[in-house]
Amino acid sequence: FLGANTVWCNGITPNYYFKLAQEAGAKFVYINTSRNASAAAFDGRWIPARPGTDTALLLAVMYEMMRLDEERGDVIDWDFLNTYCVGFDLDHMPEDAELNECISEYVKGAYDGIPKTPEWASEICGTPVEDITFLAEIMGKNNKTMFLHSYAASRINGAENLPQAFLTVGAMGGHMGKSGHACGA
């Protein structure tokens with residue numbers, strides 16, 4: 001859950017189903033400014049992030065997913081990206097695109113000279129490097145992951161890139177359109 005506190009804001013029905021999922025073995029992770037009631041209720045792992053820094057965190061998760069995939073493979077769902085996505089890498093750019101619009105090259109630092117590493121993001125968002133790597137592992141294609149958010153993280157100035165970063169991380173893991181996977185609100 002990114003910026004979500006379902007125990008406080010979603011009422012009984014969603015939390016009932018989350019409790020059933022927990023009883024069936026689901027694990028919960030909360031990315032938020034503080035350890036909240038939902039993280040406590042569902043014994044979730046809390047990943048801290050300063051307010052308004054979610055995009056930096058997700059850029060570093062993308063970087064780590066690419067690094068881990070390059071290092072050992074089997075992290076990024078290339079079949080999903082190649083079939084359903086445009087613009088992730090240079091091989092899949094639209095003909096009329098500018099060269100500085102490719103997300104994977106941006107994350108690597110090709111356009112601004114700043115690789116979006118976990119160390120880079122940790123300075124911005126306060127999230128420990130090991131937590132960023134943990135998130136990249138979870139978002140890998142071999143995990144049934146439901147990547148869910150509330151709208152809290154985007155209720156600030158400068159959050160216009162957050163939806164793209166959120167969906168890109170979900171697409172990299174192929175967490176759309178498959179049983180046990182989700183990416184959305």
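This tour visits the pockets and then the cysteines of a predicted model.

Begin with the largest pocket, whose volume is about 550 Å³. Select Lys27, Phe28, Lys144, Thr145 and Met146: of the 19 residues in the lining, these are the closest to the centre of the pocket. Next, colour the helices α2 (12-23) and α8 (129-138) together with the strands β1 (29-32) and β3 (146-148); each of these elements supplies at least two lining residues. Colouring the lining by residue class shows 14 nonpolar, three polar and two charged residues.

Move on to the second largest pocket, which holds about 240 Å³ of space. Its lining comprises 13 residues, and those closest to the centre are Leu59, Ile103, Tyr106, Asn161 and Gln164. Select α4 (54-72), α6 (103-108) and α9 (162-172) to see the helices that each supply at least two residues of this lining. By class, the lining of the second largest pocket divides into seven nonpolar, five polar and one charged.

Finally, display the cysteine sulfur atoms. With a cut-off of 2.5 Å between sulfurs, the model has zero disulfides. Select Cys85 and Cys183: the sulfur of Cys183 is the nearest cysteine sulfur to that of Cys85, yet lies 10 Å away, and Cys85 is in no disulfide. Then select Cys125. Its closest cysteine sulfur is also that of Cys183, and because the separation is 19 Å, the two are too far apart for a bond. Cys125 counts as buried because its relative accessibility is 1%, against a limit of under 20% for that class.

How values were computed
Residues numbered from 1 in each chain as written. Predicted model: local features only at pLDDT ≥ 70, side-chain atom pairs only at ≥ 80, totals over all residues. Heavy atoms only, no water. Buried < 20%, exposed > 50% of the residue type's maximum accessible area, 1.4 Å probe, protein only. 1 Å grid on protein atoms, 1.4 Å probe; cavity = no way out; pocket = protein on both sides within 12 Å on 5 of 7 lines; lining within 4 Å. Points joined across faces, edges and corners; volume = space filled by probe spheres on them. Helix = DSSP H or I, 4+ residues; strand = E, 2+ residues; numbered from the N terminus. Nonpolar A, V, L, I, M, F, W, Y, C, P; charged D, E, K, R; others polar.
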